[in-house]
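Subject: Structure handover

Hi,

Here is the structure I said I would pass on. Have a look at it first, and then read my notes below.

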Amino acid sequence: MVMTHPPAIEYFRFEEDFMEDNIRCIPMIVRFKLDAVGIKLKLKEWSKMSYDERALLAEHPADSHVDRLEYKTHLAKLIFKHTGSQPTLLTIDEDPAWSNTNDIPYEVNEKLHELELSLSLMQWQELSTLQRFVLLKLSRPGHENRNFPKAMKEFGLIPAIS
């Protein structure tokens with residue numbers, strides 16, 4: 001049975017395929033929050049969670065210090081509940097590259113060059129924090145190249161891809 005996503009979950013069109021299929025992959029909004037709380041959530045751990053648990057991780061705020069602490073505690077409990085293991089902790093980057101609006105990160109520039117695309121500093125500055133995070137994540141090795149140009153298109157940075 002294919003479930004539709006709850007309307008409160010913020011996700012991008014390029015993520016639609018796996019959002020409507022019981023949120024089978026970790027959405028970018030959750031990845032963003034994982035970086036903020038310093039937990040590496042493995043796909044194996046994510047796949048053991050219920051649809052409602054996944055949706056809550058996507059919906060729960062992680063904006064304030066208190067929100068992030070609650071999020072981290074809740075996520076750690078979920079991981080332990082489903083795996084019997086403690087979460088893999090990561091160092092929280094206090095000055096992540098996606099938060100810098102004075103320069104386009106090296107990885108993003110490399111991906112742009114590789115795909116023969118361009119992005120001006122002004123365009124980078126006009127993106128939301130989450131959009132900059134997405135472009136940086138999609139420019140790193142291990143991510144499917146097809147989603148980077150889709151994200152660029154969705155963010156209005158390049159014309160429609162045929």
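This is a predicted model: local features need pLDDT of at least 70, side-chain atom pairs count only at pLDDT 80 or more; totals for chains, interfaces and linings use all residues.

Residues are numbered from 1 along each chain as its sequence is written, and side-chain values use heavy atoms, with hydrogens and water left out.

Leu-75 also turns up in the largest nonpolar core, which has 37 residues; Val-30, Leu-75, Val-134 and Leu-135 have the most contacts inside it. By nonpolar core I mean a set of buried Ala, Val, Leu, Ile, Met, Phe, Trp, Tyr and Cys residues joined through side-chain atoms within 4.5 Å. Buried is under 20% relative accessible area, exposed is over 50%, and partly exposed is in between, using a 1.4 Å probe and protein chains only. Two or more residues of this core come from each of H2, H4, helix H5 (65-83), helix H6 (106-114), helix H8 (129-139) and helix H9 (147-154). Which element gives the most to it? That is H8, with six residues.

Now the overall layout. The chain has nine helices and two strands, in the order α-α-β-α-α-α-β-α-α-α-α along the sequence. These are DSSP runs numbered from the N terminus: helices are H or I with at least four residues, strands are E with at least two. Of the 162 residues in the chain, 41% are buried. Among contacts with a separation of 6 or more, 56% are between residues 24 or more positions apart.

10 of its 11 residues are buried, so H8 is largely enclosed by the rest of the structure. The buried residues of H8 include Arg-132 and Lys-137 as well as Phe-133, Val-134 and Leu-135. They pack against H2, H6, helix H7 (121-126) and H9.

Next, the helix pairs. Two packed helices are described by the angle between their axes and the distance between the axes. The axes here are lines fitted to C-alpha atoms, for helices over the stretch in contact, and the angles run from 0 to 180 degrees between N-to-C directions. Angles under 35 degrees count as roughly parallel, over 145 as roughly antiparallel, 65 to 115 as roughly perpendicular and the rest as oblique.

- H2 with H8: the axes come within 10 Å and cross at roughly 90°, and the two are therefore roughly perpendicular. On the H2 side the contact is made by Met-28, Ile-29, Arg-31, Phe-32 and Asp-35, and on the H8 side by Thr-129, Leu-130, Phe-133, Val-134, Lys-137 and Leu-138.
- H6 with H8: they pack at an angle of about 65°, with axes 8 Å apart. The crossing is left-handed, that is, the near helix is turned anticlockwise from the far one by less than a right angle (right-handed if clockwise). Glu-107, Val-108 and Lys-111 of H6 meet Leu-135, Leu-136, Leu-138 and Ser-139 of H8.
- H2 (residues 28-37) with H4 (residues 51-59): the angle is about 65° and the axes are 8 Å apart. This crossing is left-handed. Ile-29, Val-30 and Lys-33 of H2 make the contact with Leu-57, Ala-58 and Glu-59 of H4.

Is Lys-33 buried or exposed? Lys-33 is buried, with a relative accessible area of 7%. Not counting residues up to four places away in sequence, Lys-33 touches Leu-57, Ala-58, Glu-59, His-60, Pro-61, Ala-62 and Tyr-71. Just after H2, Gly-38 takes a positive phi of about 75°.

Last, a loop residue: Ser-99 sits between strand S2 (88-89) and H6. Ser-99 is partly exposed, with a relative accessible area of 31%. Its C-alpha atom is separated by 9.6 Å from that of Gln-125, 26 residues apart along the chain.

Cheers

Terms used:
Contact means heavy atoms within 4.5 Å.
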